[in-house]
Amino acid sequence: MAQWKTCTISDIGTVVGGATPSTKKAENYEGGQIAWITPKDLSTFKGRYISRGERNITEIGLNSCSTQLMPPNTVLFSSRAPIGYVAIAQNEVCTNQGFKSIIPNKDIEPLFLFYLLKYNKDKIENMGSGTTFKEVSGNTMKGIEVKVPCLFKEQKKIASILGLLDDKIEENERINDNLEQQAKALYKNWFFEFSPFTNGKKLPENWKVGSVGDIVQFHDSKRIPLSSSERNKMQKIYPYYGATSLMDYVDNYLFDGIYLLLGEDGTVVNNLGFPILQYVYGQFWVNNHAHIITGKEGFSVEELYLFFSLTNIKSIVTGAVQQKVSQQNLKKVPAIIPSRNILHTFDELIQPIFTQIRNLRDETTHLTSLRDTLLPKLMSGEIDVSEIEF
């Protein structure tokens, strides 16, 4: 039977805060070679190991503030709202003030510490304070009590069990990213560059220039938003999507099939001006912050997904405080409309790709559920790993 001990976070590692370089001391602190991580970087990060974020800083920027370089295997934990993003530094990094990072002691397995913080996320978040936004202070973080196996090998076993599941999840996501890139490259080659049909940029015969309004059908009238209090009373069965992502699960559904979601308000485009898209399928619910789209004029949902992935819509975004992509403006976006037989031929080419994408997504969903079920049982000692051999 594995033996566990109760200790504080400061007993198992060194807690390190971050900071933002001073523009007075280092006016041009960005653009260096030092990885500088912010909570925003982790908000869309799907893996466990992070090497860098959107921005790097210079050595002058590093020396202008209290942030410090931390070694590989430091576990980053976002301590300012939103609290609870976790990642492991793959190389030397520093962070902004939104983190309380932990450099693990030699007798603590870094991957175990990663899962330990994920397991204790709610507990740590509840210890945050602040009126404008919640934050966990360095002293609070240091004093938080946790339970860890006394033996390093037991920590390693627990981390290995959960890590094997995450390895497969991350592999599936890498494969799907590659499949999407292949499909996008094909679409660009056929319908933006016309390479299979002409030597130049001339529009192929029987093709025409139209607009998005010619090729999409909107199903926005069927949307029904649900408040968090309403969702909290529901069984968690069917996905509930917002403008940018899966937000929750609910006990009923509005749509059944394959659809494209395109953000309507809030975060509607990425940094380059391309729309925020979600390729969704099955039975699900959507709130009123995403357009729900299928195709017409021969366009499949998959072809629309590829079209919008390659179409910059920054010019149609309105709203100074909150960005918005209205139906009216979206319909005006120019679109090349190929002949139906060409669209059909291309669709036959990409459908096997998207079938594999859906299959891998479904596998990932099952693996994620299994990991999330095992996490509290392993991290509490409910499942004894002392007899397991790797």
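**Basis.** I used a predicted model, in which local features need pLDDT of at least 70, side-chain atom pairs count only at pLDDT 80 or more, and totals for chains, interfaces and linings use all residues. Residues are numbered from 1 along each chain as its sequence is written, and side-chain values use heavy atoms, with hydrogens and water left out.

**Helix α12.** I took helices (H or I, at least four residues) and strands (E, at least two) as DSSP runs, numbered from the N terminus. Just after α12, G381 has a positive phi of about 85 degrees.

**Sheet of 3 strands.** I read the order of this open sheet as β5-β3-β8, with mixed pairing; strands pair if DSSP finds at least two bridges between them. β5 (55-57) and β8 (94-95) are the edge strands. β3 (residues 30-37) runs parallel to β8 over 2 bridges, and I37 stands opposite T95.

**Sheet of 6 strands.** I noted another open sheet, ordered β12-β18-β15-β17-β13-β14, with mixed pairing. β12 (216-218) and β14 (246-250) each have a single partner strand, so one side of each lacks a neighbour in the sheet. β15 (residues 255-263) and β18 (residues 290-295) pair antiparallel over 4 bridges, and L261 stands opposite I292.
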